[in-house]
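Work through the exercises below with the sequence and the model at hand. Each task is followed by its solution.

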Amino acid sequence: MLTTKTEERGQYEMICIEEMVPEDHMLRKIDAAIDFSHIYDMVGDLYCPDNGRPGIDPVVLFKMALIQHLFGNPH
């Protein structure tokens with residue numbers, strides 16, 4: 001007979017993203033070798049500091065595009 005474990009539905013699990021990426025992973029090496037802070041200077045005038053919702057961090061957007069390019073993920 002099929003049984004379900006209903007007691008497991010309400011459980012939480014705490015994870016650390018740092019533990020999920022191996023120490024020798026290529027993305028860790030890229031992050032250590034490249035200083036992405038210059039992106040803020042390049043796009044600073046495109047972000048409004050006091051009007052509307054805060055924008056997505058431009059470094060995060062750049063890193064997402066880089067990961068898509070490196071790993072061939074089209075989405």
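Predicted model: local features only at pLDDT ≥ 70, side-chain atom pairs only at ≥ 80, totals over all residues.

Residues are numbered from 1 along each chain as its sequence is written, and side-chain values use heavy atoms, without hydrogens and water.

**Exercise 1.** Find how many salt bridges the whole structure holds.

Solution. A salt bridge is a side-chain nitrogen of Lys or Arg within 4 Å of a carboxyl oxygen of Asp or Glu. The search finds 2.

**Exercise 2.** Locate the salt bridge of Glu18 and say what it ties together.

Solution. Step one: the side chain of Glu18 meets that of Arg28, at 2.9 Å from N to O. Step two: Glu18 lies in helix α1 (residues 17–20) and Arg28 in helix α2, so the pair links parts 10 residues apart in sequence. Helices here are DSSP runs (H or I, at least four residues), numbered from the N terminus.

**Exercise 3.** Do the like for Asp31.

Solution. Step one: the partner of Asp31 is Lys63, with the closest N and O atoms 3.0 Å apart. Step two: Asp31 lies in helix α2 and Lys63 in helix α4, so parts 32 residues apart in sequence are tied together.

**Exercise 4.** Classify Glu18 and Asp31 by accessibility.

Solution. Buried means under 20% relative accessible area, exposed over 50%, partly exposed in between (1.4 Å probe, protein chains only). Glu18, at 52%, is exposed; Asp31, at 42%, is partly exposed.

Technical notes: Helix = DSSP H or I, 4+ residues; strand = E, 2+ residues; numbered from the N terminus.
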